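Trainee: Please show me the structure, and then we can go through parts of it by question and answer.

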Amino acid sequence: MFRRGRALQDPVTITLDGAAVPAERGEPLAVALVASGRVTLARSPKLHRPRAPTCLRGGCDGCLARVDGVPNVMTCLRPAAGGERIEVQNVVGSRQADLLQVTDWFFPQGIDHHHLMAGVPGLSTVMQSIARKLAGLGRLPSAALPPEPAARLDVDAAVVGAGPAGVAAASALSARGLRVALVDDGLAPCGSLAGAPRRAAELLARHPLDGVRVLSRHVAAGVYLGELLVADDAGAIVIRAPAKVFATGAHDGVAAFPNNDLPGVFSARALCRLLAHGVEPTGPIALAGEGFWADELAAALGGGIAARVPLAALAAVNGLSQVKSVTVREAPFGPDSPTAELKVVAVAVDAPAAPSFEVAAQAGARVEVGARAGYAVQVDARGRAGEGVWAIGECTGAALDLAGVEHAAAILADDVLAARSAAT
């Protein structure tokens, strides 16, 4: 399904269920596994259907695995250092032949274990116990994890999210003399542009992060009593910041069609990220949808795309354990439209993204259903979302617009500075 298009420059070795896998030092573990042809990395918790990475940015469960004895590691957010022991979790058998997949054969339309045998004395309790053992997300860690330290950080402004909007905002705030912390769960700033490295380099050249405290691989866990809690593998940091700026982006959109969760179905952004790491498909792919990442992928792959169609034209993805072909409707894309089947090795989807609003809402931002997809953070013309809270970029429901967020960042930074001056 995928292969490396260039030689490894700094090779290391990791293992998946005991088998050696070559990797480039620093690349995400999930990327190394996909590059070696190991796309199915997980199983769905209840029906044990095959799962694979779909977003490669920590927004799905397709790359969850046990790493060095610790369960539920997002392997797309863990850089390869060499020697990592990766194990597929929650399976009986192997990742390719999970015996518990028999559950899906008996209940092809799904199973509601809360009502199965409900009311039958004795059997109800037994069924609940069996369901709990079959489901879940891995066993407890092999050894007790030690307590991690916590620290405090005082800054003038904390920016959550280091994509295009977050980088532009942090740079603009720092240029105005403010102490700024930039928090992101990705491996490096501009993480959302990892699939477009040239654009990321240009963004950082225009908006340098000199003087910004960059906290990569840190998850913004929440806002408590006005303080931002972030954490990484080494511990937690409580950030006290009078100004909180949320540039949390958006989750890749999911389109509704049969087998939309089959291994080999990726977001267009995820496939761009694989290409940026030198990992390419072994055959043609289908591209469905319109948007920034669909255009980037089309430009990168060129003739490697079997068909580019509107989302409404994608009738189904076909295959048992991974993508084998797609069924495409002809215009006007109704259920009775003629269809054609195309053999492909993967499918890329660019669907309307769902704004990542949750942490901003916890900080007091107003959230409403947006016009494009899902709930979005509501802001005024200056980027204000609440008392001491600002938001910018896709989390506000806006489309990804590199030029637009740079202009918005300048306005937002001026407003933060004005608010700080008024407060003092």
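What follows is a set of questions and answers about this structure.

Mentor: This is a predicted model, in which local features need pLDDT of at least 70 and side-chain atom pairs count only at pLDDT 80 or more, while totals for chains, interfaces and linings use all residues. Residues are numbered from 1 along each chain as its sequence is written, and side-chain values use heavy atoms, with hydrogens and water left out.

Trainee: Which residues touch the most other members of the largest nonpolar core?

Mentor: A nonpolar core is a set of buried Ala, Val, Leu, Ile, Met, Phe, Trp, Tyr and Cys residues joined through side-chain atoms within 4.5 Å. Buried means under 20% relative accessible area, exposed over 50%, and partly exposed in between, with a 1.4 Å probe and protein chains only. The largest such core has 74 residues, and those that touch the most other members are Phe 2, Leu 173 and Leu 274.

Trainee: With which residues is Leu 274 in contact, leaving aside its neighbours within four places in sequence?

Mentor: Contact means heavy atoms within 4.5 Å. On that basis, the partners of Leu 274 are Phe 2, Val 31, Val 34, Leu 56, Phe 266 and Val 279.

Trainee: At what angle do α6 and α7 pack?

Mentor: Helices (H or I, at least four residues) and strands (E, at least two) are DSSP runs, numbered from the N terminus. Axes are lines fitted to C-alpha atoms, for helices over the stretch in contact, and angles run from 0 to 180 degrees between N-to-C directions. For α6 (residues 268-276) and α7 (residues 292-301) the axes are 8 Å apart, and the angle is about 40°.

Trainee: Which residues of α7 does α6 meet?

Mentor: The α6 side of this contact consists of Ala 268, Arg 269, Leu 271, Cys 272 and Leu 275. On the α7 side are Trp 293, Ala 294, Glu 296, Leu 297, Ala 300 and Leu 301.

Trainee: Is the crossing of α4 and α9 left-handed or right-handed?

Mentor: The axes of α4 (residues 164-175) and α9 (residues 402-423) come within 8 Å and cross at roughly 40°. A crossing is left-handed if the near helix is turned anticlockwise from the far one by less than a right angle, and right-handed if clockwise. The crossing of α4 and α9 is right-handed.

Trainee: Where does Pro 332 lie?

Mentor: The peptide bond from Ala 331 to Pro 332 is cis, with omega near 15°. Pro 332 is in the loop between β23 and β24.

Trainee: Is His 48 buried or exposed?

Mentor: His 48 is in the loop between β4 (42-43) and β5 (50-51). Its phi is positive, about 60°, although His 48 is not a glycine. With 0% relative accessibility, His 48 is buried.

Trainee: What is the relative accessible area of His 115?

Mentor: His 115 is found in the loop between α2 (102-106) and α3 (123-134). His 115 counts as exposed, because its relative accessible area is 59%.
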